[in-house]
Amino acid sequence: MATTKVGAKPANGADWAQRIRLISGLILMTFATMHFLNHAIGIYSLDAMQQAMKWRLAIWRSPPGTILLYGALLLHAGLALYKTAARRTWRIPPWEALQILLGIAIPYYLFLHIVGTRGLGEVFDIRISYQNVLSLLWPGLALQQSILMLIVWLHGIIGIHFWLRIHSWYRSVFPWLMFAAITVPLLAQWGWIEAARRMVLNGKTERFLTREHIVWANEVISNGTAVMIFLLSLCVAAMAVNVMRTFISNRVTIRYPGDRKLKISPGATLLEVSRANNIPHASVCGGRARCSTCRTRILEGINTLPPPSEREQAVLKRIGADENVRLACQIKPTQPLAVQPLMPGRQSPGTTSTQSDAYHWGVEQPAAIMFIDIRNFTGISENRLSYDVVFMLNRYLDGAADAITSSGGYVDKFIGDGIMAIFGINDGVRLGSRQALEAAAKIQKALDETNEELAGHLESPLKIGIGIHAGQVILGRIGAAGGPGQAPITALGDVVNTASRLEAETKKYGATLVTSRQVVQVAGLKLEGEETTEIVVRGRKKPLNVYVLHDLSVISRAIANEYESA
């Protein structure tokens, strides 16, 4: 099979377009946040709002600020319109559709706001202040202003969320960012309305619009609205042309697992092809090459694809992908391909066939695997009533399972007094490895609590052994012949066998945890004072470098130290 070198660098402008959209969006969100916080000061006083406004305008109405702001606005809107026009399908996640619809609504409401503030100020040399703007908005245009603030903020927050969610640290700061995302617009709305109400009660309204102002503004708004409708019509027409081309252009065959074959027209990305045909295909970042969830193994025809772009190349290198793995959102098939999505996507409504359940065919991806076992449980359970043994075992297993799930893991199965768990199914192996180590520390703490609770019923405290290893595994539903969802997801492969054998090694060392050095490295943790050792694991040709830990509080300290340094 011919392969494409990941190191190649094609001339591809898509990377730059995405970066410009991101940077311009962040500039606009910075402006919006400052604007909203300025509104919020109105809770205190109108004068304070006006003083803060002077500082804000000094930044954004300076020549550099004006160029930066309006340049970002034009670039962001233009690139978003172009991307929308180039779409081949509207079968997209609800959040992505909502962001697009909000983006379409923003220009109209924002144009009205700009004409009524900066437009009038520049053309008629009117000094725009909070006093005359609030006089204009309250109460007749309060709803329009509120809608503008809501759609601008929601559009920006959705974009930021799906930009940051692929980073491992985002989960820890998400509650604080969510608090800010809710609080800022609420305070802004409260602030400007409260200031406007007080201004009316104190008789400080300022009616500054003349008939000439109104005639000019109406004419500009009418012309601007016509231009926006024209551009939106061009966008819709371009989408219609793209759809028509799918019926008249040369067709190529894409073959999916289960011998499902699709005839498609060149031009759409592989991710769009999957979505348009109700084939579940994961994509956390919305097709922007910011994550690896849409990665796909090209079984046949990879030599017909162009080399990866710089952005795709960076993602593939980061996850250590093979040369026949590509991002579905970045490749546009022009020749027949045989493909296998490597991450499961959500099933489309009305689709129930096992063909559309990626786990039914097996999903290959890196993950962290954990095995846990109670030491000498057979000896402990001898001469005890069966009900007592079940109670004691369930008390321990409940605590361990809670530690696993609260850390982001998935309990694969209970094996007698043991547990097999998988980490990183949806979050990636880096975060999965960290979650597995964090879960191990929590499990030790839960076991200590169980031992304290059962101290009067045990001759000696319960002890456990934990083994963790990470790497490529096959995730699938074994025994799911009755249809998707009939069997839980399990993991198969050498990584699973190795993790099980590392758990057995804890008996030899009298340790609580034996984890491969690879897990700690991928997790990005530094276990101070702990050294690795090489062990020979049954079934492996080469020795494995591992950490042998007796006290798992070192993991908790490593995680805490990293958060403090961050």
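The accessible surface of the protein chain comes to about 28600 Å², and 59% of this area belongs to carbon and sulfur atoms; areas come from the Shrake-Rupley method with a 1.4 Å probe, and for residues only the protein chains shown count as cover. The model is predicted: local features need pLDDT of at least 70, side-chain atom pairs count only at pLDDT 80 or more, and totals for chains, interfaces and linings use all residues. Residues are numbered from 1 along each chain as its sequence is written, and side-chain values use heavy atoms, with hydrogens and water left out.

**Overall architecture**

- The protein chain has 17 helices and 13 strands; these are DSSP runs numbered from the N terminus, with helices being H or I of at least four residues and strands being E of at least two.
- Of the 566 residues of the protein chain, 48% count as buried, where buried means under 20% relative accessible area, exposed over 50%, and partly exposed in between (1.4 Å probe, protein chains only).
- Among contacts (heavy atoms within 4.5 Å) in the protein chain between residues at least 6 apart in sequence, 74% join residues at least 24 apart.

**Nonpolar cores**

- The largest nonpolar core has 43 residues, of which M370, I466 and I555 touch the most other members; a nonpolar core is a set of buried Ala, Val, Leu, Ile, Met, Phe, Trp, Tyr and Cys residues joined through side-chain atoms within 4.5 Å.
- At least two residues of this core come from each of strand 6 (363–374), helix 13 (386–406), strand 8 (418–423), helix 14 (429–453), strand 9 (464–477), helix 16 (517–523), strand 13 (544–549) and helix 17 (553–565).
- Helix 13 gives the most to this core, with eight residues.
- Leaving aside neighbours within four places in sequence, I555 is in contact with L437, E438, A441, L513, L527 and L549.
- A second, separate core of 25 residues includes V273, I279, L305 and L337.

**Salt bridges**

- The structure holds ten salt bridges, each defined by a side-chain nitrogen of Lys or Arg within 4 Å of a carboxyl oxygen of Asp or Glu.
- One of these joins the side chains of E310 and R19 (3.8 Å, N to O).
- This pair links distant parts of the chain, with E310 in helix 10 (residues 310–318) and R19 in helix 1 (residues 14–40), 291 residues apart.
- E310 is partly exposed at a relative accessible area of 43%, and R19 is likewise partly exposed at 24% relative accessibility.
- R326 forms a salt bridge with E312, with the closest N and O atoms 2.8 Å apart.
- Because R326 lies in strand 4 (residues 325–327) and E312 in helix 10, the pair ties together parts that are 14 residues apart in sequence.
- Both R326 and E312 are buried.
- The side chains of E453 and R395 also meet in a salt bridge (2.8 Å, N to O).
- E453 lies in helix 14 and R395 in helix 13, so this pair ties together parts that are 58 residues apart in sequence.
- E453 is partly exposed, with a relative accessible area of 42%, and R395 counts as partly exposed at 23% relative accessibility.
- E194, R197 and R198 are linked in a network of salt bridges.

**Aromatic pairs**

- The structure holds six aromatic pairs; rings of Phe, Tyr and Trp (its six-membered ring) pair if their centres lie within 6.5 Å, and planes under 30 degrees apart count as stacked, over 60 as edge-to-face and the rest as tilted.
- W138 and W192 form an edge-to-face pair, 6.2 Å centre to centre with 80 degrees between the planes.
- W138 lies in the loop between helix 5 (130–137) and helix 6 (142–164) and W192 in helix 7 (residues 170–201), so the pair ties together parts that are 54 residues apart in sequence.
- W138 counts as partly exposed at 22% relative accessibility, whereas W192 is buried, with a relative accessible area of 0%.
- Y170 and F174 form another edge-to-face pair, at 5.7 Å centre to centre and 75 degrees between the planes.
- Both Y170 and F174 lie in helix 7, four residues apart, about one turn of the helix.
- Y170 is buried, with a relative accessible area of 7%, whereas F174 counts as partly exposed at 29% relative accessibility.

**Nonpolar surface patch**

- L101, I104, L232 and V236 make a nonpolar surface patch of about 340 Å²; patches are made of residues with over 30% relative accessible area and no salt bridge, with like charges joined within 9 Å and nonpolar side chains (Val, Leu, Ile, Met, Phe, Trp, Tyr) within 5 Å.
- Helix 4 (94–124) and helix 8 (211–248) are the elements that give two or more residues to the nonpolar patch.
- L101 is found in helix 4 and is exposed, with a relative accessible area of 53%.
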